Amino acid sequence: MSTKLREIAVQALKELWQELKFESDPIIFISPMQRRVQLEHHPLLLHQLVANGKQRKKSLFGQLKSWELLDAPAYAQGIAASREVSMLLKSDMLHQADVGDHDTIPAAPYSWICFTFKSGWKALSVYFCDYENNEAHTLSAIPTRKQDEWLAFLKLIDELHDNVWRNTRRGFIEIIGGSDELADVIRKASIDDLILNAETLEHVATQRHIFNQEMLKRYELLQLPRLRKVLLIGSAGTGKTTLLKVEGASHAKQGGFVSYICPPPYSRNSSAWQHLTNTLHLAAESLIPALILVEDFEMFVSSAPELQTVLDILDGVGTPDNPAGTLLLATSNDPEKIDSRIRDRPGRIDAIIELGLVEEVELAIRFLKHFLGSAYREEEHMPLASQLLKQPGSHFREVCIAATMRAMEQKRSDASSEDLMWAHETILTGRAIAAESERYTPTPIHKRGGYFGRKH
């Protein structure tokens with residue numbers, strides 16, 4: 001902050017201290033909790049702390065008895081005089097509110113406050129903005145030998161703030177590296193959208209036992225971080241992303257905390273792994289069952305400079321430990337790109353589950369029923385199921401859509417078996433052509449014809 005502004009604020013605190021006839025000379029210092037949300041100046045938290053103190057028979061060290069907003073002294077030259085609120089916060093009191101948000105909370109106002117503690121002493125604090133440098137600062141004045149109790153007070157109010165954001169995390173879906181609108185997409189995902197064989201579904205369901213109290217106690221006895229790491233592998237279109245969304249929707253409905261991480265764009269200031277590490281720490285701090293969903297896991301663990309840190313955290317060294325359990329569910333279309341020390345070492349990845357191509361006629365029929373909907377006719381469409389095997393689930397979707405479009409083009413309401421086979425063969429032909437790279441590779445210059453037919 002500018003020296004002049006700080007000197008004015010410090011001198012004003014001293015004069016106000018003397019004016020109010022507080023004991024001894026004050027110790028004046030910058031708050032050790034400099035944050036965007038200045039907790040010791042937030043009315044909601046202060047009210048709650050005072051109310052909690054009244055409910056206890058025995059006061060905690062640092063317990064606040066009351067607090068009072070003061071008018072800015074005339075000699076403060078306008079510092080924190082308007083009680084301006086710098087921003088609106090989301091209901092978690094962590095992030096700035098966006099347009100369309102609900103249950104928003106004003107941030108702490110720039111203000112002067114007098115605190116009265118249950119042990120009988122008082123303190124002053126001013127929270128103000130240095131507009132020239134666009135920075136907010138808090139200066140506090142306390143009696144000598146009250147430093148420990150002041151820090152205990154800050155801890156109590158910090159714990160209250162933690163409780164606020166933890167409560168908002170129950171049933172919350174956080175999107176990292178992508179649009180917040182994706183949270184609504186996940187929330188709408190249904191088990192009906194997921195068409196997988198029973199063995200795969202059972203294998204995935206087994207991983208959720210990390211949230212079981214008996215299993216959490218077993219992890220604790222073994223002195224292991226309560227983190228389960230599961231990798232879903234398979235070619236594109238086999239249902240990995242759909243599975244993530246369905247798991248996310250289910251976990252949120254049960255009151256758990258969900259983080260969905262998309263690979264972020266390259267940045268010199270942060271990496272994909274840092275995004276994942278921060279999320280693991282946030283999950284541990286939440287103290288509620290946490291589900292972390294990661295797309296394209298190979299992009300998060302492929303940075304050579306960070307590889308040792310990746311190995312350490314996945315191996316349990318410094319791994320954030322959530323007493324309520326954390327399940328990391330990641331996907332990869334290309335597991336070969338994941339370092340073998342991560343992919344093949346038991347304990348760094350706890351389970352690898354393959355979502356393969358459609359191999360069973362019964363499963364193929366379920367896909368046709370799902371994507372054709374009310375247009376499905378057993379006599380018409382079921383016989384085709386065996387001819388559509390060895391394809392990912394997304395292929396069935398595209399076949400049904402293309403077949404329906406063909407029927408509409410021919411003024412028919414429903415897709416026939418002939419439409420489905422036409423769509424199937426057309427899509428396969430298109431893929432085969434696209435895979436012929438020589439069709440689109442430029443001819444080497446020495447083989448091209450030159451101007452007027454002259455060879456180079």
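Visitor: How many salt bridges does the structure hold?

Guide: The structure holds 21 salt bridges. This is a predicted model, where local features need pLDDT of at least 70, side-chain atom pairs count only at pLDDT 80 or more, and totals for chains, interfaces and linings use all residues. Residues are numbered from 1 along each chain as its sequence is written, and side-chain values use heavy atoms, with hydrogens and water left out.

Visitor: What makes Asp-92 and Arg-169 a salt bridge?

Guide: A salt bridge needs a side-chain nitrogen of Lys or Arg within 4 Å of a carboxyl oxygen of Asp or Glu. In Asp-92 and Arg-169, the closest N and O atoms are 3.3 Å apart. So the pair meets the definition.

Visitor: Why does this pair tie together parts that are 77 residues apart in sequence?

Guide: Because Asp-92 lies in the loop between strand 3 (88–89) and strand 4 (105–106), while Arg-169 lies in helix 3 (residues 147–169). Helices (H or I, at least four residues) and strands (E, at least two) are DSSP runs, numbered from the N terminus.

Visitor: How do you know that strand 8 and strand 10 pair?

Guide: Two strands pair if DSSP finds at least two bridges between them. Strand 8 and strand 10 (residues 257–261) have four bridges, in the parallel sense. Therefore they count as paired.

Visitor: Which sheet has parallel pairing?

Guide: An open sheet of six strands, in the order 8-10-11-12-9-13. Its edge strands are strand 8 (173–176) and strand 13 (351–354).

Visitor: Why are those two called edge strands?

Guide: Each pairs on one side only.

Visitor: Which sheet has antiparallel pairing?

Guide: An open sheet of five strands, in the order 1-7-6-5-2. Strand 1 (26–30) and strand 2 are its edges. Strand 5 (residues 111–117) and strand 6 (residues 122–130) pair over six bridges. Phe-115 has Ala-123 in strand 6 as its bridge partner.

Visitor: Where is Lys-65?

Guide: Lys-65 lies in strand 2 (residues 64–70).
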